[in-house]
Amino acid sequence: MFKQTHPLWNQFIRAVQEEVKPALGCTEPVSLALACAMAADLLPGEVTQIEAWVSPNLMKNGLGVTVPGTGMVGLPIAAALGAIGGNANAGLEVLKDVTADALIRAKALLEAGLVQVKLQAPCDEILYSRARVHAGDLSAMVTISGGHTRVVEVVCQGETRFTLDDHQCQTKDDPLAVLSTTTLSQILEFVEQVPFEAIRFILQARRLNDALSREGLRGNWGLHIGATLSKQRARGWMARDLGSDIVIRTSAASDARMGGATLPAMSNSGSGNQGIAATMPVVVVAEHVQADDERLARALMLSHLSAIYIHVQLPRLSALCAATTAAMGAAAGMAWLMGGSYQTISMAIGSMIGDVSGMICDGASNSCALKVSTSVSSAWKAVMMALDDSAVTGNEGIVAHDVEQSIANLCALACRSMQETDRQIIEIMASKV
């Protein structure tokens, strides 16, 4: 009855299921690791050489990020580990079954100079990785393009096994397509009225991302921002309040993820940090107001679906740090948990657009946790203001009188003028290699 009566709601659920998935490690190097694992899975015998080509944006997000369980950064170790120890059927969790022996063999391949990762040029795709894996005289090649796990071609020993052509791309049922004609008010109506059992699955986001947060507070991961702020709070340098809890617990999860912890994040729009930013502030506020599982699930669904709704209007990767847009989803979830209306949510998102819309993405690295902490801090300020009927108005900057137009203005910047910013960021980063 649910599916027959509410086709739009069913599409919302499908969109969240498509975009909110467990991911182990930064998803750009993981995408290359997946291509390598799938190619290696087609070959008998030991991997002897790897050649890979990636898009500039994938290179940007792979240069400085730690690959889980390795203590090493960069795309070459991700490629080698994917080919030698990756699970070709695990999607964004391709590295979850890697053994100590596989890591030793992957490092040996690197030390022998048998792993090459190059820029694909020209390359029109933002997300692109092509891996050719050799096992002696045999080779196989897998190309992922247009999405972190979207395989478009498989070639083994010169024979094409699979190709995703343009017709297939156009006719495939895309659950995100409905969001182009959706409004935030429709998303809120869905969240408040959908049967709890239909969205209970979103509670897994709390379990996974809270586990990362706890690990981040225990260990010395990345820049250990969460652990450092927690230590300084204990010394009296920060207030022990709900706002500091949000920043500390959210940044700790990002610390652990970016620092190479072997725990999966629940991602959003192909990004673990976006998933963390959309989840942890809502979890912390839910605990504070003693929300039950049903109310938390509705708030998490509002946060994640709002984040997807905004991000689908952006390039998959861009010069705009998408932790900011994910935290806009968190602002919606937090405001709703605290009794806010649609107007409250709209005001909070508008204030965030007036606050952090200029934050750039300069590649995945430990410093992403700083951007996550800044974004969720902005979200909390914006919610506090909105609950007091205060917000950045449509007379200021890129913020409009209507929240939908404010979002459109932000996304227009990322889609057009910030593309040149992205190119310059990539040039700066490439000059450091």
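Asp293 and Arg206 form a salt bridge in which the closest N and O atoms are 3.3 Å apart. This pair links distant parts of the chain, with Asp293 in helix α14 and Arg206 in helix α10 (residues 203-218), 87 residues apart. A salt bridge here is a side-chain nitrogen of Lys or Arg within 4 Å of a carboxyl oxygen of Asp or Glu. Helices (H or I, at least four residues) are DSSP runs, numbered from the N terminus.

The model is predicted: local features need pLDDT of at least 70 and side-chain atom pairs count only at pLDDT 80 or more, while totals for chains, interfaces and linings use all residues. Residues are numbered from 1 along each chain as its sequence is written, and side-chain values use heavy atoms, with hydrogens and water left out.

**Salt bridges**

The count comes to 16 salt bridges.

| Pair | Closest N to O distance |
|---|---|
| Asp293 and Arg206 | 3.3 Å |
| Arg233 and Asp245 | 2.7 Å |

Arg316 lies in the loop between α14 and α15 and Glu19 in helix α2 (residues 7-19), so the pair ties together parts that are 297 residues apart in sequence. Burial is judged by relative accessible area: buried means under 20%, exposed over 50%, and partly exposed in between (1.4 Å probe, protein chains only). Glu19 is buried at 6% relative accessibility, whereas Arg316 is partly exposed at 28%. In the pair named at the outset, Asp293 is partly exposed at 35%, and Arg206 is partly exposed at 27%.

Arg233 forms a salt bridge with Asp245. The two residues belong to helix α11 (residues 225-234) and helix α12 respectively, 12 residues apart. Arg233 is buried, with a relative accessible area of 10%, while Asp245 counts as partly exposed at 25%. Salt bridges that share partners also join Asp210, Arg214, Arg249 and Glu287 into one network.

Helix α12 (residues 242-258) has 17 residues and spans 24 Å from its first C-alpha to its last, close to the 24 Å expected at 1.5 Å a residue. The expected span is 1.5 Å times one less than the number of residues. Of its 17 residues, 16 are buried, so α12 is largely enclosed by the rest of the structure. Asp241 caps the N-terminal end of α12, with a side-chain oxygen 3.3 Å from the backbone nitrogen of Gly243. Just after α12, Gly260 takes a positive phi of about 100°.

The buried residues of helix α18 (residues 403-415) are Val403, Glu404, Ser406, Ile407, Leu410, Cys411 and Ala414. They cover an arc of only 160° around the axis, which puts them on the same side of α18; the arc is that of the directions from the helix axis to the C-beta atoms. These buried residues pack against α8 (184-193), α14 (293-311), α15 (323-337), α16 (342-356) and α19 (417-430), where contact means heavy atoms within 4.5 Å.

**Aromatic pairs**

The structure holds 2 aromatic pairs. Trp9 and Phe190 pair edge-to-face, at 6.0 Å centre to centre and 65° between the planes. Rings of Phe, Tyr and Trp (its six-membered ring) pair if their centres lie within 6.5 Å; planes under 30 degrees apart count as stacked, over 60 as edge-to-face and the rest as tilted. Both Trp9 and Phe190 are buried. The rings of Phe12 and Phe190 have centres 5.2 Å apart and planes at 65°, so this pair is edge-to-face. Phe12 lies in helix α2 and Phe190 in helix α8, so the pair ties together parts that are 178 residues apart in sequence. Trp9, Phe12 and Phe190 form one aromatic cluster.

Definitions and conventions: A polar contact is a pair of N or O atoms within 3.5 Å; within protein, one must be able to donate a hydrogen and the other to accept it, and residues adjacent in sequence count only if both atoms are side-chain atoms.
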